[in-house]
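Let's take a friendly walk through a structure together. Have the sequence and the 3D view at hand as you read.

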Amino acid sequence: MKCRYTFGGDEHLFVEVDEAMSLEAFFVSLAVTNAVRDAKIKGVTEICPANASFQIKFNPDLVTPDNLLGMVKEMEKDAEKAESKLDTRIIEIPVWYQDPYTHETLMRFRERHQDPNSTDIEYAASINGYKDVPSFIEAHSSAPWFVSMVGFVSGLPFLYQMVDRPRQIEVPKYLRPRTDTPKLTVGYGGCFSCIYSVRGAGGYQMFGITPMPIYDPEQKVRYLRDFMVLFKPGDIVKWKPVDETEYKAIVEAVDKDDFEPRIRPVTFDLEAYNSDIDGTNTKLMEALNAD
Amino acid sequence: MPIKVISAGVLTTIQDLGRPGYYHLGIPMGGAMDRYALRCANLLVGNDEGAGCLEATFMGPELEFTEDATVAVCGAELPPKVNGEEQPTWTAFDVKSGDRLGFDYLRSGARAVIAISGGIDTPAALGSRSTYAIGALGGIEGRPVQDGDTLPLGKNKAPGRTGKSVAEKLRRGPGTGDVTLRMMPGLYWHRITSESQKSFLADTWKVAMEADRMGYRFQGGKPLEFVERKQPFGAGSDPSNITDACYPYGSIQVPGGTEPIILHRDAVSGGGYFMVGTIISADMDLIGQLQPATPVRFAEVDMDTALKARHDRQQSLEEVRKLIN
């Protein structure tokens with residue numbers, strides 16, 4: 001993997017690790033951005049890892065663009081030798097698929113969709129070769145997902161499906177973005193799933209909604225008291241399909257601040273994952289459900 | 001003693017110099033669209049350069065003061081009026097307790113920064129008072145100013161600089177005629193054909209109605225043609241799609257190759273659209289002063305020119321500091 005370096009104006013260094021998404025590219029991005037953080041370079045103000053690329057914002061009065069470029073290129077060499085191993089956590093996210101909230105929204109924006117005569121999830125199931133929506137939901141929710149980027153707005157996670165490539169779900173984004181998306185919509189675009197942290201515009205297909213807040217600027221939700229954003233790159237997510245009754249029970253528990261998400265510590269090793277994806281996932285699920 | 005908001009105008013938000021450090025989580029820097037105007041306005045009223053101010057879009061608010069204060073309005077030409085009497089822009093003037101501060105209609109520019117001695121003293125979120133409405137951060141309970149709000153003022157007032165003014169040559173606005181925005185091609189510039197690279201720089205674009213703190217959209221230039229390729233895995237099927245990546249502030253994305261969007265202070269931090277390059281830091285303030293329908297040309301510059309322009313902007317600010325202090 002050979003990184004492509006380009007400046008975003010006089011304040012950003014943008015680095016594309018690979019044009020295509022892969023966990024290998026993600027781990028290079030993570031290793032180099034971690035090295036940049038550890039180096040505490042004077043003048044670096046933002047360090048942003050992304051799926052298969054990363055960006056560093058800097059003050060050119062404090063570090064010259066060429067000096068920064070040289071330093072980061074050196075770090076890329078070391079990153080190639082770094083172990084792709086991560087102490088992280090697995091988080092269970094309840095999802096009410098085909099809920100009435102996202103359904104109402106998707107019906108309002110039908111003319112911006114590829115297939116106005118079906119719903120987003122029916123369309124996604126069909127173009128990915130599933131016989132019906134339940135089997136598509138099974139595919140979306142059975143294997144875990146890897147948080148390969150946090151961003152767009154306020155703590156929104158991009159999630160990469162942990163299955164071999166032929167089984168990965170791919171869908172296009174809306175033809176024209178919607179002006180509205182319900183808060184906590186579980187969406188899909190390209191090869192990424194996401195959770196919309198706040199209400200707003202969006203172009204991803206909408207599959208369902210989670211009752212579990214992932215961003216709380218007031219920091220009142222118990223598990224967001226330390227920091228207002230739940231996710232960080234490297235987190236692993238497992239969707240848990242829930243029905244209306246369970247969804248409403250969790251919403252009520254969150255309101256009473258009585259909801260504790262299931263989160264367990266795990267180690268992720270890219271090499272072990274690549275040699276046995278399903279075996280790795282089984283171990284992750286055991287860790288999630290051990291107690 | 002607070003300021004009473006009689007009328008908030010179209011969109012008035014509390015802004016300072018923003019909250020860098022959280023872009024990796026999708027929380028943008030925010031802060032005044034025209035940072036130079038904010039610094040000048042604060043200097044004129046004796047505040048720290050980064051004190052909390054009001055940023056009024058297209059139309060001014062109406063405010064009632066409950067204590068004496070010094071006020072300055074910089075950025076857009078939005079003439080302030082005290083009890084109906086017009087006051088100069090880019091100039092410190094006095095307001096007495098009980099006075100009403102209103103505004104005449106907008107003459108040029110798009111956003112006026114209103115600084116008040118003491119600074120607006122709402123609680124900071126992640127180190128800044130700037131309003132980021134999408135994420136409900138800063139401002140007043142995470143939102144813009146509304147009719148009936150009260151705005152607390154800081155206690156630390158420096159001696160008044162009443163009558164002091166920023167010299168005409170040190171003021172910056174869009175002026176008349178075409179506006180030139182300098183950009184450094186890069187990022188995914190190679191994704192479009194050399195003909196499209198030429199037309200992008202040659203065409204005149206107009207600011208669209210969708211022009212806000214998140215981004216400015218432009219229309220009217222020729223659609224861009226893409227270099228053919230098999231779309232990489234994860235990017236999505238449209239030739240303008242990339243594997244979702246970070247977006248620099250000032251980056252110019254062109255969804256579908258049709259309408260460029262320049263991301264500004266409340267930028268989305270990333271996404272799946274390719275970008276042709278980035279507006280240089282010295283020209284970001286200017287974008288915040290563009291009204292819809294303003295004709296704009298993009299001019300290609302290199303890093304050295306960008307750094308020289310940045311230095312020139314800093315020199316202007318240094319002159320303002322010397323004149324006022």
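## Where the two chains meet

In this predicted model, 43 residues of chain B are in contact with 44 residues of chain A; two residues are in contact if their C-beta atoms, placed from the backbone, lie within 7 Å. On the side of chain B that touches chain A, the elements giving two or more residues are β15, β18, β19 (275–279) and α4 of chain B. Helices (H or I, at least four residues) and strands (E, at least two) are DSSP runs, numbered from the N terminus.

Which element gives the most to this side of chain B? The answer is β15(B), with five residues. Sorted by kind, the residues on this side are 22 nonpolar, 19 polar and two charged. Here Ala, Val, Leu, Ile, Met, Phe, Trp, Tyr, Cys and Pro count as nonpolar, Asp, Glu, Lys and Arg as charged, and the others, Gly among them, as polar.

## Notes on reading the model

Residues are numbered from 1 along each chain as its sequence is written, while chains are lettered from A and ligands numbered from 1 in the order in which they are written. Since the model is predicted, local features need pLDDT of at least 70 and side-chain atom pairs count only at pLDDT 80 or more, whereas totals for chains, interfaces and linings use all residues.

## Two strands of chain B

Strand β15 (residues 241–246) of chain B pairs with β18(B) in the antiparallel sense, over three bridges; strands pair if DSSP finds at least two bridges between them. Asn241(B) has Tyr273(B), in β18(B), as its bridge partner.

Is β18(B) (residues 270–273) covered on both faces or open? Both faces are covered, with Gly270(B) and Gly272(B) buried on one side and Gly271(B) and Tyr273(B) buried on the other. A residue is buried if 20 or more other C-beta atoms lie within 10 Å of its own, exposed if 12 or fewer, and partly exposed in between, with C-beta atoms placed from the backbone.

Now look at helix α4 (residues 303–324) of chain B. Its 22 residues should span 32 Å at 1.5 Å a residue, and its end C-alpha atoms are 32 Å apart, which agrees. The expected span is 1.5 Å times one less than the number of residues.

Ala306(B), Arg310(B) and Val320(B) are buried in α4(B). Seen down the axis, the buried residues fall within an arc of 70°, so they line one face of α4(B); the arc is that of the directions from the helix axis to the C-beta atoms. They pack against α1 (35–44) and β12 (179–185) of chain B. The face turned away from the buried side carries exposed residues, including Asp304(B), His311(B) and Lys322(B).

## A helix in chain A

Chain A has its own α4, at residues 120–127, where Asp120(A), Ile121(A), Ala124(A) and Ala125(A) are buried. These cover an arc of only 130° around the axis, which puts them on the same side of α4(A). Among the elements they pack against are β5 (85–97) and α3 (100–108) of chain A. Just after α4(A), Gly129(A) takes a positive phi of about 80°.

Chain B contains four helices and 20 strands, and 55% of its 325 residues count as buried. Chain A contains eight helices and 12 strands, and 46% of its 291 residues count as buried.
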